[in-house]
Amino acid sequence: MVSVLKLGGSVLTYKTRWFSFQEETALRLAMEIREAGTVPVIVYGTGSFGKAYARHYRQGQATADWGVFQLTTAAIRELGENLSRALHAQGVPHCLLPANAFFFRRDGQLGWDGPAPLDRLLRAGVAPVLCGDVLAEGRDRFRIISSDDIIPILAADMAVSSCVFVTDVDGVLDERGMLVAERSGAQQQVAVFGDQDDITGAMDAKLAAAVQSARAGTQAIIVNGLVPGRLRAALRGEQVTGTRVTTAALAAVPAGR
Ligand SMILES: Nc1ncnc2c1ncn2[C@@H]1O[C@H](COP(=O)(O)OP(=O)(O)OP(=O)(O)O)[C@@H](O)[C@H]1O
Ligand SMILES: [Mg+2]
């Protein structure tokens with residue numbers, strides 16, 4: 001069984017400065033991965049590296065401009081190289097992989113060619129590193145694949161024990177700003193805070209991905225990567241502050257509450 005780890009762009013980059021890498025945080029998170037003693041599949045979000053080109057993808061998240069595709073994927077790869085240096089420095093063997101080598105979208109549905117290359121790397125003790133990216137879907141059609149959306153695809157087709165979503169808040173917050181320790185897929189709305197990322201969604205998209213992963217039979221948890229120790233604990237399956245996402249239906253909640 002393997003853990004799948006989503007490293008949010010919110011912890012790897014500074015959201016408000018384009019192409020800015022949070023090196024110290026990345027080094028600490030890489031250290032926690034090593035200390036956890038597991039070889040996870042890592043998927044990184046693009047943060048301010050991807051968002052720099054976001055406006056080009058607003059119309060249905062697609063662009064016809066191959067030059068924009070080239071610039072976006074280059075920026076995402078640059079963030080990957082930064083992350084790779086941090087993983088190397090902390091002793092985590094890994095291999096960067098572009099999303100176009102694995103994923104496609106057909107009739108609006110994401111699919112993939114299967115996990116064989118990932119399994120090979122894992123057996124060799126090397127953590128595969130995927131990322132939110134831009135898929136070449138056809139001639140003059142380049143569309144974003146969000147890092148959150150990659151996680152349930154992996155959870156559905158691999159022997160995944162847990163999916164850990166690392167972001168810059170403690171987990172899902174309710175309308176009073178209090179941490180929701182456990183969240184069921186049966187619940188509807190999520191309170192909306194802060195800047196909403198209009199391209200790939202923020203907490204709402206993450207929660208949807210976590211619910212889908214849980215439905216595939218994995219543990220799913222959202223934790224704050226800015227707080228030392230939480231990623232390590234989550235990877236080890238220890239008790240940790242965060243939002244555990246389950247599929248269990250809740251007791252009936254009166255409508256409108
Ligand atoms: N109900 C909520 N609870 C917690 N965070 C929320 C909520 N609603 C909106 N958010 C926002 O969601 C953000 C986290 O999602 P965001 O997409 O910005 O980060 P990420 O997924 O870690 O980064 P990236 O998308 O670059 O990988 C938080 O910083 C917060 O501002
Ligand atoms: Mg996000």
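This passage describes the fold and selected residues of one protein chain.

The structure is a predicted model, in which local features require a pLDDT of at least 70 and side-chain atom pairs count only at pLDDT 80 or more, while totals for chains, interfaces and linings use all residues. Residues are numbered from 1 along each chain as its sequence is written, and side-chain values use heavy atoms, with hydrogens and water left out.

The protein contains eight helices and 13 strands; helices (H or I, at least four residues) and strands (E, at least two) are DSSP runs, numbered from the N terminus. The C-alpha trace spans about 50 × 40 × 35 Å along its principal axes.

Of the 257 residues, 53% count as buried. Buried means under 20% relative accessible area, exposed means over 50%, and partly exposed lies in between (1.4 Å probe, protein chains only). The protein exposes about 12400 Å², of which carbon and sulfur atoms supply 49%; accessible areas come from the Shrake-Rupley method with a 1.4 Å probe, and for residues only the protein chains shown count as cover. Among contacts (heavy atoms within 4.5 Å) between residues at least 6 apart in sequence, 74% join residues at least 24 apart. The mean positions of the 26 positive and 26 negative charges are 1 Å apart. Lys and Arg count as positive and Asp and Glu as negative, without His and the chain ends; the place of a charge is NZ of Lys, CZ of Arg, CG of Asp or CD of Glu.

Strands of a sheet pair through backbone hydrogen bonds, either parallel or antiparallel. Two strands are taken to pair if DSSP finds at least two bridges between them. Strand β2 (residues 41-44) runs parallel to strand β1 (residues 2-7), and four bridges join them. Leu-7 has Tyr-44 in β2 as its bridge partner. β2 also pairs in the parallel sense with strand β7 (residues 127-131), over three bridges, and Val-43 stands opposite Leu-130 in β7. From β2, Val-41 and Val-43 point one way and Ile-42 and Tyr-44 the other way; all are buried.

An open sheet is formed by three strands in the order β3-β9-β8, with antiparallel pairing. Its edge strands, β3 (62-63) and β8 (133-138), each pair on one side only. Five bridges join β8 to strand β9 (residues 141-145). In β9, Ile-144 is the bridge partner of Val-134, and Arg-143 stands opposite Leu-135. The hairpin of β8 and β9 has two residues between the strands, and Asp-140 takes a positive phi near 60° there.

Two single residues were also examined. Ser-84 lies in helix α4 (residues 66-89) and is buried, with a relative accessible area of 16%. Apart from neighbours within four places in sequence, Ser-84 is in contact with His-94 and Leu-96. Ala-181 is located in the loop between β10 (160-167) and β11 (182-184) and counts as exposed because its relative accessibility is 51%. With neighbours within four places in sequence left aside, Ala-181 is in contact with Gly-242, Thr-243 and Arg-244. The C-alpha atoms of Ala-181 and Ile-221 are separated by 9.5 Å, although the two residues are 40 residues apart along the chain.

Definitions and conventions: Chains lettered and ligands numbered in written order.
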